[in-house]
Amino acid sequence: VNPNRVKASLCHNLFLFSFPPPSLPRFELIPSLFVTTLGITIVTVSIHLTIVKIVENRYHHRINSCQELYSLGFVSVLSSAFPVFPVTSIFARTLI
């Protein structure tokens with residue numbers, strides 16, 4: 001028995017059985033979380049746009065900020081169907 005194949009099989013089975021199914025978010029929490037969510041949104045957008053400007057300056061490449069915000073919003077709405085962390089600019093740590 002190949003140990004690498006056994007590891008891959010175990011990881012594959014773990015992924016198949018541990019990925020949560022999509023579900024609708026709990027809409028009754030929106031009023032109580034609105035102010036906190038607004039603050040997190042402002043910070044996330046600010047960090048994301050700052051990183052976009054750094055990339056533009058470093059690589060001399062024009063990036064459409066509106067398109068970046070649309071994609072950030074789309075992924076955030078999509079991720080609300082799964083019990084996962086919201087999307088942020090995590091690549092900022094490796095970029096700078």
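Which residue counts as buried at 12% relative accessibility? That residue is Glu-56, where buried means under 20% relative accessible area, exposed over 50% and partly exposed in between, with a 1.4 Å probe and protein chains only.

The model is predicted, so that local features need pLDDT of at least 70 and side-chain atom pairs count only at pLDDT 80 or more, while totals for chains, interfaces and linings use all residues. Residues are numbered from 1 along each chain as its sequence is written, and side-chain values use heavy atoms, with hydrogens and water left out.

**Salt bridges**

The structure holds 3 salt bridges, each defined as a side-chain nitrogen of Lys or Arg within 4 Å of a carboxyl oxygen of Asp or Glu.

| Salt bridge | Closest N and O atoms |
|---|---|
| Arg-26 with Glu-28 | 3.1 Å |
| Lys-53 with Glu-56 | 3.5 Å |

Lys-53, Glu-56 and Arg-62 are linked in a network, in which Lys-53 is partly exposed at 41% relative accessibility and Arg-62 is exposed at 64%. Lys-53 and Glu-56 are separated by about one helical turn because they lie 3 residues apart in helix α2. In the pair of Arg-26 and Glu-28, Arg-26 is exposed with a relative accessible area of 55%, and Glu-28 is likewise exposed at 54%.

**Helix α2**

Helix α2 spans residues 30–59 and has a kink of about 35 degrees centred on Thr-36; helices are DSSP runs of H or I with at least four residues, numbered from the N terminus, and the bend is the angle between axes fitted to the seven residues ending at a residue and the seven starting there. Buried in α2 are Thr-44, His-48, Ile-51, Val-52, Val-55 and Glu-56, whereas Phe-34, also placed in this helix, is exposed with a relative accessible area of 51%. Just after α2, His-60 takes a positive phi of about 50 degrees.

**Helix α3**

Helix α3, residues 65–79, has 15 residues and reaches 21 Å from its first C-alpha to its last, close to the 21 Å expected at 1.5 Å a residue, the expected span being 1.5 Å times one less than the number of residues. Its buried residues are Ser-65, Leu-72 and Ser-79. Seen down the axis of α3, these buried residues fall within an arc of 60 degrees, so they line one face of the helix; the arc is that of the directions from the helix axis to the C-beta atoms. The face turned away from this buried side carries the exposed residues Gln-67, Tyr-70, Phe-74 and Val-77.

Technical notes: Helices (H or I, at least four residues) and strands (E, at least two) are DSSP runs, numbered from the N terminus.
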